[in-house]
Amino acid sequence: MIEAPGKVAVKQIEDPTPGPLDAVIQVEACGICGTDIHVLEGELESTSFPIVPGHEFCGEVVGVGSEVRNLHPGQFVAVDPNMFCGRCRFCRIGRGNLCENYDATGVTRDGACAEYVRAPAANAVNLPDGFPRPWGAMVEPLSCAVHGIDQLDLRVASSYLIYGAGTMGLLLAQLIRHAGAGRLDMLDRNPARFDLARRLAADRVAAAADELDRPQGWDVVIDATGSVPAIEDGMRRVIRGGTFLMFGVAAIDAVATFSPFRIYKDEINIIGSMAVLNSFERALTLLVKGVIDCEAMITHRFPLDGYLAAIDTFRLGSGLKIQVTARMNGGL
């Protein structure tokens with residue numbers, strides 16, 4: 001439980017009970033991502049404390065509300081943490097991820113870094129028998145990557161440059177490779193990530209774009225870091241008529257500098273991608289199909305009382321997808 005910004009405690013709290021349209025999930029695994037850091041640091045205006053964090057999760061249904069018809073106890077599910085009001089202008093035009101009354105498990109409601117979590121039953125998708133259970137928590141981050149790809153006008157044999165070979169960069173890279181990239185290059189400041197990036201998707205990996213010797217640029221440049229220097233550099237690498245996708249989460253007060261004249265003259269498209277939109281079940285389809293190498297992506301699992309160690313590992317960038325679970329006694 002995050003009791004206040006920067007203050008974490010492990011506590012015994014009452015088990016959640018389902019409302020009429022809810023399910024209670026016994027959590028198998030909960031992933032950590034950059035949003036959790038923003039919650040922990042108190043950087044999101046929508047978060048009230050205390051709160052149980054955790055929004056990338058899967059687990060077994062142990063209870064359902066009186067009006068639930070799509071789930072029953074014993075099913076193993078992944079859960080979309082996002083809840084849209086359905087009433088605001090953005091929801092009415094089909095842009096629920098921009099909902100003016102945005103609600104999310106682990107961000108505005110107690111989340112899944114716990115033994116049990118309550119969530120809307122309609123947000124749960126059943127995982128197939130035999131699907132490795134910890135992999136179910138990969139559906140949510142992959143659904144964000146799928147939505148990011150939705151923002152692009154993907155064309156077979158296009159060239160791509162991705163800044164960041166962490167979890168999200170590698171998920172995007174594997175999706176793009178599956179979609180038929182002509183060239184896919186990646187950049188990361190951590191050389192320890194190079195070999196895996198090459199194995200999973202990249203043609204070339206380097207610490208800086210100049211090392212790739214491609215003065216003409218790339219059709220699509222994607223920032224998966226949220227780093228202002230990476231964003232500014234990436235904007236210079238987009239080919240004329242190309243696209244820059246702002247996928248990484250920058251600090252709320254971050255400011256980047258680029259040439260508006262070049263945006264005009266070269267008709268550069270700049271696109272943002274926020275959370276998920278109609279992409280959760282498609283992400284599951286891709287996972288089941290084997291498009292993503294989940295075994296390579298999940299590098300650490302910590303017990304609940306190791307949450308701070310999990311956060312430290314995430315911040316150090318020494319792993320990829322880091323999970324927290326109540327269903328173990330020690331970290332891997």
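Predicted model: local features only at pLDDT ≥ 70, side-chain atom pairs only at ≥ 80, totals over all residues.
Local features need pLDDT of at least 70 and side-chain atom pairs count only at pLDDT 80 or more, while totals for chains, interfaces and linings use all residues. Residues are numbered from 1 along each chain as its sequence is written, and side-chain values use heavy atoms, with hydrogens and water left out.

Helices (H or I, at least four residues) and strands (E, at least two) are DSSP runs, numbered from the N terminus. Six strands line up as β12-β11-β10-β13-β14-β15 in an open sheet with parallel pairing; two strands pair if DSSP finds at least two bridges between them. The edges go to β12 (204–206) and β15, each with a single partner strand, so one side of each has no neighbour in the sheet. From one strand to the next, the twist averages 15°. Four bridges join β14 and β15 in the parallel sense, and Met246 has Gly272 in β15 as its bridge partner. Helix α6 packs on this sheet, touching β10, β13, β14 and β15, and its direction makes about 155° with that of β14. Here contact means heavy atoms within 4.5 Å, and axes are lines fitted to C-alpha atoms (for helices over the stretch in contact), with angles from 0 to 180 degrees between N-to-C directions.

Buried means under 20% relative accessible area, exposed over 50% and partly exposed in between, with a 1.4 Å probe and protein chains only. In α6 (residues 228–235), the buried residues are Ala230, Ile231, Asp233, Gly234 and Met235. Their cover includes α7 (260–265) and β13 (218–223). As for α3 (residues 139–150), 11 of its 12 residues are buried, so the rest of the structure largely encloses it.

Next come the cores, each a set of buried Ala, Val, Leu, Ile, Met, Phe, Trp, Tyr and Cys residues joined through side-chain atoms within 4.5 Å. The largest has 54 residues, and those touching the most other members include Leu142, Leu170 and Ile222. Helix α4 (residues 167–179) supplies the largest share, seven residues. Leaving aside residues up to four places away in sequence, Leu170 touches Ala165, Met186, Leu196, Ala197, Leu200, Met297 and Leu320. Another core, of 33 residues, lies apart from it, with Val27 and Val52 among them.

On to the cysteines: there are zero disulfides, a disulfide being a pair of cysteine sulfur atoms within 2.5 Å. For Cys33, the nearest cysteine sulfur is that of Cys144, 7.3 Å away. Cys88 has its closest cysteine sulfur in Cys91 at 3.7 Å, too far for a bond. Cys33 counts as buried at 14% relative accessibility, as does Cys88 at 6%.
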